Amino acid sequence: MTWKRNQKLKYNYGLVYDKPIPKPRKSTSWTSPSYKSIKVFIKKHYSIFQDNKCAYCRMPINFGGYGDPIEHIVPKSHKTFWMFHPKNLCLSCYGCNTKKRDKNTLLNDHVTYSNAYKNYPTNSADFKIVHPTFDNYSKHIKINGIFCTPKDGSIKGANTIEICQLNRLDLIHKRVLYNRISRKKINEIYMEKLRDTSTPKYEMDAITNYAKKLAENYNYKKKVLASKNK
Ligand SMILES: [Zn+2]
């Protein structure tokens, strides 16, 4: 997954970007029209590489939806010079992108403009969160139907879950639909979370709100059915 700067780019998957990679400057906005073609290329490349799924929550990305799915692992507001560094790019869903925003993801933030582009960190230990290039996602995060939990107490897993809020309500809803989780199973998970004293508050709030929503929906359907049968 490496690009050579200012050279013809040959990628796997038969994709080639044959223009020089732009050299971003602090004053240049990400939305500048001059970046249009490389952004199209980035989206195509990573959508194949990531199987159209978000690098953080692993749910399918809605490409026609709101927002830009290109994600800078180290925020571009912190390190503008890595705006087009291939190792700093991935795709994420709108929700994860919004939650992560410009939170710091580097453990040792020592890189400055003087050693800029070429000094992108080279290994997993440099990052707080699960890095799509350096880490194996399933070694850090376990997705159990509805919830994400850190695998074997992984700190990176816990950080990623917290920074991207991987147990937020909209994601729980998506997972329920995507994994076709039954009402019975949701109740079981709900009870399990209630009993477990170590359940974080945001997880508890999310599952409680979701259970409430389901109950409202159920009562509404019952009412409609009852009125039809009158
Ligand atoms: Zn996501």
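Colleague: Is K201 buried or exposed?
Modeller: K201 is exposed, with a relative accessible area of 61%. Buried means under 20% relative accessible area, exposed over 50%, and partly exposed in between, using a 1.4 Å probe and protein chains only. This is a predicted model: local features need pLDDT of at least 70, side-chain atom pairs count only at pLDDT 80 or more, and totals for chains, interfaces and linings use all residues. Residues are numbered from 1 along each chain as its sequence is written, and side-chain values use heavy atoms, with hydrogens and water left out.

Colleague: What does the side chain of K201 meet in a salt bridge?
Modeller: D205, at 2.6 Å from N to O. A salt bridge here is a side-chain nitrogen of Lys or Arg within 4 Å of a carboxyl oxygen of Asp or Glu. K201 and D205 are 4 residues apart in helix 7 (residues 201-228), so about one helical turn separates them. D205 is partly exposed, at 34%. Helices (H or I, at least four residues) and strands (E, at least two) are DSSP runs, numbered from the N terminus.

Colleague: How many salt bridges does the structure hold?
Modeller: The structure holds 5. One of them joins E71 and K100, with the closest N and O atoms 2.5 Å apart. That pair links distant parts of the chain: E71 sits in strand 3 and K100 in helix 2, 29 residues apart. Both E71 and K100 are buried.

Colleague: New topic. What coordinates the zinc ion?
Modeller: The SG atoms of C54, C57, C93 and C96, at 2.3 Å. Donors are N, O and S atoms within 2.8 Å of the metal (3.2 Å for Na, K and Ca); water is not among the atoms, so sites may look incomplete. C54 lies in the loop between helix 1 (36-49) and strand 3 (70-72), and C96 in helix 2 (residues 94-100), so the pair ties together parts 42 residues apart in sequence.

Colleague: And what geometry does the site of the zinc ion have?
Modeller: Tetrahedral, with angles of 102 to 117 degrees among its 4 donor atoms. Four donors count as tetrahedral if all angles lie between 85 and 135 degrees.

Colleague: Are those cysteines buried or exposed?
Modeller: Buried: C54 is at 1%, C57 at 1%, C93 at 3% and C96 at 0%.

Colleague: How many disulfides?
Modeller: The count comes to 0. A disulfide is a pair of cysteine sulfur atoms within 2.5 Å.

How values were computed:
Four donors count as tetrahedral if all angles lie between 85 and 135 degrees; four count as square planar and six as octahedral if opposite donors are over 155 degrees apart and all others between 65 and 115; anything else is irregular.
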